[in-house]
Amino acid sequence: MDNIGIVLSGGGARGAAHIGVLQALNENGIYPSQVSGASAGALIASLYCSGYTPKEILELSKEKEFLKIFKIGFLNKGLTHMTRLQEFLEYHISQKNIEDLKIPLHISISNINSGRSEIVNTGELTLYVMASCAVPLIFKPIKIGDSLYVDGGLLNDLPIEPLLEKKVKIIGVSVCPNNFKKNIVGVKAIAERVFQMSIWDNVAPRIKQCDVALELDKSFAYSLFDFKKSEELYKIGYEATINKMDKIFKIIN
């Protein structure tokens with residue numbers, strides 16, 4: 001459908017829920033003509049826009065090579081390089097540049113030199129996906145040109161702006177927790193919660209601008225690093241979308 005755009009938020013391992021959303025939409029004949037994403041959403045989107053089906057992406061998410069991508073050195077050996085993600089993308093995606101993808105893709109990245117969010121739709125795909133996925137204080141920033149970039153979700157976790165310009169119906173999908181959390185114990189848990197709070201602050205005004213808002217609250221119980229739970233998260237995204245399909249059809253038609 002030429003008039004449908006989808007925006008996929010970041011959320012670490014919770015991003016697997018996006019795969020279920022895409023599967024539910026495709027099963028019902030809805031194929032977005034524009035895709036925008038941040039962090040994990042940008043990773044899933046890059047695979048989808050390159051030509052993989054949602055079911056194929058789900059299978060990729062279970063591979064050992066994928067699970068190793070986000071093995072971190074946090075509080076151990078310092079910040080982790082993103083070489084595993086680079087190798088994974090270069091092996092599985094044949095298109096080199098964003099503009100070569102089968103479906104137009106927009107990627108959110110955060111410039112820590114200027115302190116500003118940027119959204120790109122041209123240039124080296126692997127480099128920009130790595131930048132969008134570089135969670136601060138865990139992964140090393142990615143240098144592009146003269147600037148350093150980190151996780152796109154930090155400043156814009158639901159990059160709807162390019163789709164607003166395209167004047168398409170926007171389906172916004174958020175897996176960013178905005179719920180009350182009682183027990184937050186330990187440095188890792190505190191760091192994750194602070195990051196969630198920062199991200200939700202920039203998601204809230206954007207989700208309201210979407211024609212269809214899918215806030216996958218059942219995914220909130222999962223950690224950023226629950227990468228072995230992709231099947232469960234896939235089902236969460238799939239079921240939430242199926243349950244809202246009547247409303248989606250009504251809005252997009």
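Predicted model: local features only at pLDDT ≥ 70, side-chain atom pairs only at ≥ 80, totals over all residues.
Where is Lys167 found? Lys167 sits in the loop between helix 7, residues 161-166, and strand 7, residues 169-174.

Most residues other than glycine have a negative phi. Lys167 is not a glycine, yet its phi is positive, about 55°. Its relative accessible area is 76%, so Lys167 counts as exposed.

There is another case, Ser39. Phi of Ser39 is near 55°, again a positive value in a residue other than glycine. Ser39 also belongs to a loop, the one between strand 2, residues 34-38, and helix 2, residues 40-50. Is Ser39 buried or exposed? Its relative accessibility is 5%, and the cut-off for buried is under 20%, so Ser39 counts as buried.

Next, helix 9. Helix 9 runs over residues 230-243, which is 14 residues. From first C-alpha to last it reaches 20 Å, close to the 20 Å expected at 1.5 Å a residue. Which residues of helix 9 are buried? They are Ser230, Leu233, Tyr234, Ile236, Gly237 and Thr241. Viewed down the axis of helix 9, these buried residues fall within an arc of 160°, so they line one face of the helix. What do they pack against? The partners are helix 1 (16-27), helix 3 (54-61), strand 8 (212-215) and helix 10 (245-252).

Last, an annotation. In the model, residues 10-15 are 0% helix and 0% strand.

Terms used: Residues numbered from 1 in each chain as written. Heavy atoms only, no water. Helix = DSSP H or I, 4+ residues; strand = E, 2+ residues; numbered from the N terminus. Expected span 1.5 Å × (residues − 1). Buried < 20%, exposed > 50% of the residue type's maximum accessible area, 1.4 Å probe, protein only. Arc of directions from axis to C-beta. Contact = heavy atoms within 4.5 Å.
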